[in-house]
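Subject: Structure for you to look through

Dear colleague,

I am passing on the structure we spoke about, together with some notes on what was found in it. Please keep the structure open beside this email while you read.

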Amino acid sequence: MCLMKSSESNGETPPAVYEAMAEYDRWGRANGVLIDSQGLLPSDAGAIVSLVDGNIKAVDGPFTEAKELVGGYAVIEVRSYDEALELGRRLMQIHKDNWPGFEGSVEIRQIAEF
Amino acid sequence: MGDETTRAAIEAVWRLESTRLIAALVRIVRDVGLAEDVAQDAIVAALAQWPASGIPANPGAWLMTTAKRRAVDAFRARAKHDAAAAALARELSESVDEDPGAGIDHVEDDVLRLMFICCHPALTPEAQSTLTLKLVAGLSTREIARAYLAPEATIAQRVSRAKRTLAETGAAIEEPSGPERADRLETVLGVVYLLFNEGYSATEGDDWMRPALCDEAVRLGRILTALVPDDPEVHGLAALMELQSSRLAARAGPGGEPILLDAQDRRRWDATRIRRGRDALARADALLATAGPDAEAGPYALQAAIAAEHARAASVDGTDWDRVAELYEQLGRRTGSPVAELNRAVALGRARGPAAGLALLDQLDDVPALRGYHLVPSVRGDLYERQGRGAEAAAEFERAASMTANERERQLLLRRADAARGSG
């Protein structure tokens with residue numbers, strides 16, 4: 001799973017990023033490697049429910065403090081670790097090419113098989 | 001970046017790009033062998049340059065441009081003798097110059113055409129599946145050899161013979177249309193399903209299954225749904241493979257021994273694949289519904305519907321066996337396959353008791369296609385066993401064991417024979 005992380009202070013997503021992501025999606029599906037992908041709305045539409053010191057509490061978004069909010073995810077199925085890295089690199093390349101000043105990261109996690 | 005890391009990255013790029021690279025090159029150079037050669041040349045050039053220069057931002061486009069340049073060189077060399085090659089060399093060199101890196105546009109068309117070419121009727125089924133694994137799945141000769149348990153030289157020979165056959169029949173660039181296209185699509189689906197089955201239930205050798213082959217087939221099925229989104233059977237096949245493969249992890253024990261449906265831990269079934277399988281099946285059903293009231297589900301969609309019934313059930317006893325029997329009945333009517341009837345006997349045995357299953361099995365005794373098929377005595381043994389006829393069940397399991405070429409399956413059947421004798 002690729003988790004796209006960035007600070008919300010990067011501002012509005014430029015339309016060119018949406019277009020490039022749509023192309024990435026199309027390519028990934030036509031290549032049989034992309035299983036599922038979604039963008040996530042900004043954190044003001046979300047909440048965090050936490051358990052601290054035995055207390056469960058809910059906090060509404062937005063989370064202005066957070067520098068690494070998950071902005072979207074892609075579930076991929078590839079044959080090697082390096083293929084996953086390459087797919088993650090492409091996600092960053094899309095942002096580099098289409099979103100001046102963007103800073104963020106892709107976290108790649110393997111889905112556990114039991 | 002170290003050389004080792006770059007090498008691994010280049011291999012990953014090749015895995016991800018080789019299909020559409022070769023597919024686009026086939027359109028341009030009109031020769032499968034040459035397309036693969038120049039694609040290989042491009043990857044060799046990448047291995048020489050990328051460790052020093054770094055991996056380019058768009059590695060696929062870089063490989064495409066390099067491969068096209070190699071193709072121009074090849075045509076120029078050939079052009080000294082051949083006017084047609086001279087024309088191609090001119091045409092191609094212009095397209096390389098004017099738009100470096102482009103030419104990976106008609107991706108879907110190109111890849112589908114490549115699949116059609118790999119499944120050309122002039123090729124044997126073996127050659128079709130091998131070429132599909134090589135060119136569409138992007139597996140190396142060594143990997144294919146491992147999957148087929150064949151010597152690498154045999155596979156290499158099969159590939160080069162297939163490419164020669166294609167060149168001789170002038171098949172490389174034709175793109176069928178109309179009924180011929182439908183036929184060819186059916187062959188493509190058949191080849192992909194063959195690959196899946198080869199992996200799901202290895203017909204020979206010591207392995208009960210070869211998951212890597214299944215995974216490749218599932219991937220090819222997914223590619224096909226993107227390439228041919230309007231065909232119910234394409235989605236039916238994808239659904240079938242997603243659903244069946246969801247059980248891969250649960251089908252074998254730690255020592256590689258088979259675990260049958262009754263004993264499988266359903267928590268180990270892959271939920272993502274089940275969900276994808278159900279989605280694909282729903283898509284197949286929806287397409288069928290728009291095709292008119294007389295449209296009937298095809299064999300893949302029917303088998304997928306059966307697999308979906310198993311996936312839906314919490315246990316073997318909780319399975320809607322009547323529905324499964326009904327689906328097998330439709331499948332048998334649709335395909336005329338006696339194997340569907342054999343499976344219906346199993347489902348009836350579960351739905352209405354072993355006697356009902358045995359009654360249908362008796363009708364299948366004289367079917368020539370089932371003669372020598374080890375699953376007939378295996379099913380009979382199972383039904384006898386559940387009637388408490390232990391000795392007869394054991395004899396059937398032993399007969400089945402003597403008929404299978406798969407060692408794991410043979411051992412399982414012999415174990416079942418022992419168990420049945422003990423209980424009877």
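Predicted model: local features only at pLDDT ≥ 70, side-chain atom pairs only at ≥ 80, totals over all residues.

Chain B has 424 residues, of which 52% count as buried, and its secondary structure comes to 19 helices and zero strands. Its C-alpha atoms fill a box of roughly 80 × 50 × 35 Å when this is taken along the principal axes. The chain is divided into domain 1 (3-105), domain 2 (106-171), domain 3 (181-308), domain 4 (320-366) and domain 5 (372-424), and the centres of domain 2 of chain B and domain 4 of chain B, taken over C-alpha atoms, are separated by 37 Å. Among the contacts in chain B between residues at least 6 apart in sequence, 65% join residues that are at least 24 apart.

In the loop between α16 and α17 of chain B you will find His374(B). This residue counts as buried because its relative accessible area is 12%, and the cut-off for buried is under 20%. Leaving aside its neighbours within four places in sequence, His374(B) is in contact with Ala400(B), Met403(B), Thr404(B), Glu409(B) and Leu413(B).

Next comes the place where the two chains meet, to which chain B gives 23 residues and chain A gives 19 residues. The area buried between chain B and chain A is about 2000 Å², and carbon and sulfur atoms give 47% of it. Of the area that chain B buries against chain A, Leu16(B), Arg219(B) and Arg222(B) supply 29%, more than any other three residues. Across this interface of chain B and chain A there are ten residue pairs in polar contact and four salt bridges; one salt bridge joins Arg90(A) to Glu17(B), with the closest N and O atoms 2.6 Å apart. On the side of chain B that touches chain A, the elements that give two or more residues are α1 (3-29), α10 (211-227) and α12 (271-290) of chain B, and α1(B) gives the most, with seven residues.

How many salt bridges does a search of the whole structure find over all chains? The search finds 41. In one of them, Glu36(B) pairs with Lys163(B), the closest N and O atoms being 2.4 Å apart. This pair links distant parts of the chain, since Glu36(B) lies in helix α2 and Lys163(B) in helix α8 of chain B, 127 residues apart, and both residues are buried. Arg267(B), by contrast, is exposed, with a relative accessible area of 75%, and it forms a salt bridge with Asp265(B) at 3.1 Å between the closest N and O atoms. Asp265(B) is partly exposed, with a relative accessible area of 30%.

With best wishes

Technical notes
Residues numbered from 1 in each chain as written. Chains lettered and ligands numbered in written order. Heavy atoms only, no water. Domains from an automatic or database assignment. Helix = DSSP H or I, 4+ residues; strand = E, 2+ residues; numbered from the N terminus. Buried < 20%, exposed > 50% of the residue type's maximum accessible area, 1.4 Å probe, protein only. Contact = heavy atoms within 4.5 Å. Buried area = accessible area lost by both parts, 1.4 Å probe. Salt bridge = Lys/Arg side-chain N within 4 Å of Asp/Glu carboxyl O. Polar contact = N/O pair within 3.5 Å; in protein donor to acceptor, adjacent residues only side chain to side chain.
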